[in-house]
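Hi,

Here is the structure I promised to pass along.

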Amino acid sequence: MQGYNFAYLDEQTKRMIRRALLKAVAIPGHQVPFGSREMPLPYGWGTGGIQVTAAVLGRNDTLKVIDQGADDTTNAVSIRHFFGRTAGVRTTTHTAEATVIQTRHRIPEEKLREDQIIVYQVPQPEPLWKLEPSRVETKRMHALADYGLMHVKLYEDVARLGQISISYDYPVMVNNRYLMSPSPIPAYDNPKMNRMPALQLFGAGREKRIYAIPPWTEVRSLDFDDHPFRPINATQACGLCGATDSYKDEVITDDRGGRMFVCSDTDHCEQRRDAA
Amino acid sequence: MSDDPILSARGLTLSFGAIPALLNVDIELYLGEIVAIVGESGSGKTTLLNVLSGHLAPRSGIVTYRDPDGAPHDVHAMPSPMLRGLQRSDWGFVHQDPRRNLRMNVSAGGNVGERLMAQGARHYGDIRAQALDWLEQVEIDADRIDDLPRTFSGGMLQRLQIARTLVTHPRLVFMDEPTGGLDVSVQARLLDLIRSLVARLGVAVVLVTHDIAVARLLGHRIAVMQRGRVVETGLTDQVLDDPRHPYTQLLVSSVLQA
Amino acid sequence: MAYVAVKGGERAIRNAHAWLAEERRGDSSVPDLGLAQIREQLGRAIDRVMAEGSCYDPDLAALAIKQAQGDLIEAVFLLRAYRTTLPRFAHSAPIDTAKIAAARRISAIFKDVPGGQILGPTYDYTHRLLDFELAESQPPPDAPLAAPDPSPMPRVHDILGREGLLEADGPIDAEPADLTREPLSFPAGRDVRLQALARGDEGFLLSMGYSTQRGYGGSHPFAGEIRVGEVSVEITPPELGFAIDIGDLTVTECQMVNQFKGSKTQPPQFTRGYGLVFGFSERKAMSMALVDRALRAAELGEDVTAPAQSPEFVLYHSDNVEATGFVEHLKLPHYVDFQSELQNVRRLREAVDQREAAE
């Protein structure tokens with residue numbers, strides 16, 4: 001691709017992003033503002049994740065890109081092509097082979113390793129945004145670890161509905177200090193974040209924030225002792241590979257209510273079918 | 001109970017533009033006692049309360065708080081997170097308008113439980129039980145626990161605010177006209193409630209009011225303010241039965257004539 | 001030099017218009033823009049002008065865009081003014097979007113749906129890199145053709161509705177209000193609100209919709225279904241007594257699935273937001289659906305705290321022809337009013353001066 005630096009961004013911009021990443025890794029779960037650039041993909045479609053990936057990607061990396069857990073969804077394809085054109089790095093659909101994984105809204109089923117980086121695309125980095133739209137206010141709350149707003153929201157859920165009713169983007173406490181949004185992954189994926197061996201990086205391009213969880217960090221989903229965190233998943237097995245312990249997509253097969261459930265992680269499903 | 005005051009202020013001075021709000025004010029407060037600060041509007045009593053509670057910085061003077069270990073802290077020199085931490089746990093503030101201190105779109109139970117959760121309480125059943133207990137103590141019907149405060153009367157809102165404030169057993173509570181704007185009968189009930197809660201919990205209270213009757217009912221000691229100065233101070237009954245300063249005499253006599 | 005009252009306003013206006021005509025034409029050695037070119041190659045501008053002009057006529061829209069030099073709000077204004085002169089001879093039957101010949105049909109809430117996920121001619125996955133090859137007039141390569149798929153394309157909303165997961169739609173027998181005939185008044189029913197949104201400024205609705213996603217009155221929206229395609233317009237002339245097809249419209253329809261309502265006793269259901277716009281207008285249709293849902297806040301028992309949830313705020317300020325008229329009217333002479341203000345301020349300042357002199 002003529003006229004563009006490796007992975008599209010110029011080296012100074014990458015440095016700026018890496019400085020933000022270093023701060024983020026040093027303060028797990030804390031949101032670091034960064035000078036997000038206009039990218040050739042629209043805000044809201046992964047520009048933050050793309051900038052983070054561009055800043056950490058090297059020529060010898062192997063990149064996997066997934067959206068909703070699948071490699072072949074249109075946006076994953078588009079982003080993978082983008083890095084194919086601008087960086088020429090090796091790409092893969094196999095989680096185990098990747099050194100950098102960019103993801104929208106899922107964590108792969110396969111356990112990640114110390115030598116891997118997972119980059120999450122984040123639409124809304126502020127975990128308190130639904131309760132308090134003012135960023136000035138939420139900044140103060142994080143600084144003072146004043147999370148009363150979130151506590152009462154959980155209390156109200158149990159009081160009104162009998163259970164905590166958050167299904168995705170379930171708020172977590174990182175390293176026992178910062179309240180963080182894990183991005184809109186299903187609550188089912190939250191436990192994978194706890195003490196993950198891989199480095200977890202989060203990029204929000206439109207909101208211009210970066211945050212991170214260093215390897216082996218404690219990540220706890222908010223709950224009550226007597227209403228413990230309970231991730232939601234379909235109870236059916238995968239209609240293609242039979243897995244019962246992976247997160248499932250519901251696929252409508254006809255207009256009379258017919259449906260089947262399949263693994264959302266397409267690589268995981270394929271590996272299982274190949275092994276069978 | 002220590003011999004040292006839990007809160008003491010020396011030489012507090014503050015002006016708003018050309019208007020002097022506080023002129024060299026000294027005051028002391030001990031655990032277990034209620035000090036009532038009285039005066040008309042414009043006397044500086046609310047400004048004093050805001051300076052004492054760390055919400056407003058004086059131009060000169062110092063406010064000293066003694067923590068449970070007896071160590072003194074300059075309220076206006078302490079780091080903001082520490083002050084905020086105090087304001088959420090060891091201290092309480094009861095506003096004249098309860099809506100300022102309540103989350104109006106959160107249930108009564110959630111409002112009372114919030115400070116407990118901020119301190120790390122994580123058992124829903126326990127939190128709810130404590131909230132129920134406190135609602136009972138402030139004489140709010142237990143079956144209102146899941147109701148939103150917008151369905152409460154003014155008196156109920158004030159009692160809910162008190163429950164929310166006292167649930168973490170603060171040592172020091174600031175009250176700004178807690179019965180202002182309420183019906184006379186509602187006031188009386190509320191004052192009784194405050195008096196018994198404070199006596200039972202051994203809290204120290206700074207209470208600001210323009211109403212001499214409230215001061216007489218609740219205050220162990222009284223400080224009379226006029227135009228930014230404390231003109232007279234002492235045991236409530238002594239000051240009100242035998243006022244020395246002409247302004248205090250004026251205040252007391254106007255009540256008797258009413 | 002003594003002041004002489006200036007005359008010649010009429011001549012000035014004539015000259016201004018002549019200059020405008022020259023500006024509009026631009027460099028005469030450059031070929032004049034043809035209406036067919038605008039209609040064929042600036043389709044998104046055409047769609048926007050038709051939608052906000054409340055008039056489906058691509059040729060008229062093309063003329064308006066040319067006459068307005070590309071200023072789309074000015075073009076909308078021209079089309080609206082023209083619309084005022086058109087007699088209304090019939091009402092059509094409500095268009096049946098279930099029968100849209102879908103060029104594009106996607107759902108974000110299920111991985112796959114009967115009838116499939118059809119991308120259509122979308123910008124979504126293009127990379128926003130300026131394509132300098134477009135500067136040359138080269139014909140684009142042929143897009144691959146497939147045989148048309150006859151499988152049914154049920155509404156995604158009906159799939160959710162069958163399980164009772166989605167609130168039912170409102171009643172459809174009453175006569176809808178007509179904002180082009182009667183003034184807006186409050187409380188405004190949903191029909192009025194939707195009509196105002198359909199012809200409202202795309203930028204304004206975009207911002208309002210965006211604000212709901214950032215915490216100013218949010219409702220956890222998901223794009224249940226977006227359909228873009230042609231749909232036929234039918235009228236029933238009284239002389240005939242049966243329906244006849246008088247033409248096709250291209251429309252974009254967006255059904256948003258939003259935050260459920262429910263409690264310990266009432267089973268929760270998802271709620272709806274709806275957007276429908278002329279042409280290929282996804283951004284507008286989606287924004288409209290977000291704002292439609294936000295405006296239902298009071299009806300659904302939610303706190304009204306944000307601008308997008310306030311019907312008066314949204315509906316009074318969504319019409320860009322009204323808005324531009326009033327904002328730009330500030331250019332008209334106001335020197336009489338200003339003169340009285342000037343005198344007022346001078347007098348107040350004198351009073352302050354006098355007071356200070358007295359002290």
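Predicted model: local features only at pLDDT ≥ 70, side-chain atom pairs only at ≥ 80, totals over all residues.

Starting with the overall picture, chain C has 12 helices and four strands. Its radius of gyration is 26 Å, whereas the globule rule gives 21 Å for 359 residues, so chain C is more spread out than a compact globule. As for burial, 29% of the 359 residues in chain C count as buried. I also looked at contacts within chain C between residues at least 6 apart in sequence: 64% of these join residues at least 24 apart.

Now for the helix pair. Helix α7 of chain C covers residues 190-198 and helix α9 of chain C covers residues 282-295; their axes come within 10 Å and cross at roughly 150°. An angle over 145 degrees counts as roughly antiparallel, so that is how α7(C) runs relative to α9(C). The crossing of the two is right-handed.

Which residues make the contact between α7(C) and α9(C)? From α7(C) you have C:Arg193, C:Leu194, C:Leu197 and C:Ala198. They meet C:Met288, C:Val291, C:Asp292 and C:Leu295 of α9(C). Sorted by class, the contact has six nonpolar residues and two charged ones, with no polar residues.

Cheers

Conventions. Residues numbered from 1 in each chain as written. Chains lettered and ligands numbered in written order. Axes fitted to C-alpha atoms, helices over the stretch in contact; angles between N-to-C directions. Parallel < 35°, antiparallel > 145°, perpendicular 65-115°, else oblique. Left-handed = near helix turned anticlockwise from the far one by under 90°. Contact = placed C-beta atoms within 7 Å. Nonpolar A, V, L, I, M, F, W, Y, C, P; charged D, E, K, R; others polar. Rg over C-alpha atoms; globule rule 2.2 N^0.38 Å. Buried ≥ 20, exposed ≤ 12 C-beta atoms within 10 Å, placed from the backbone.
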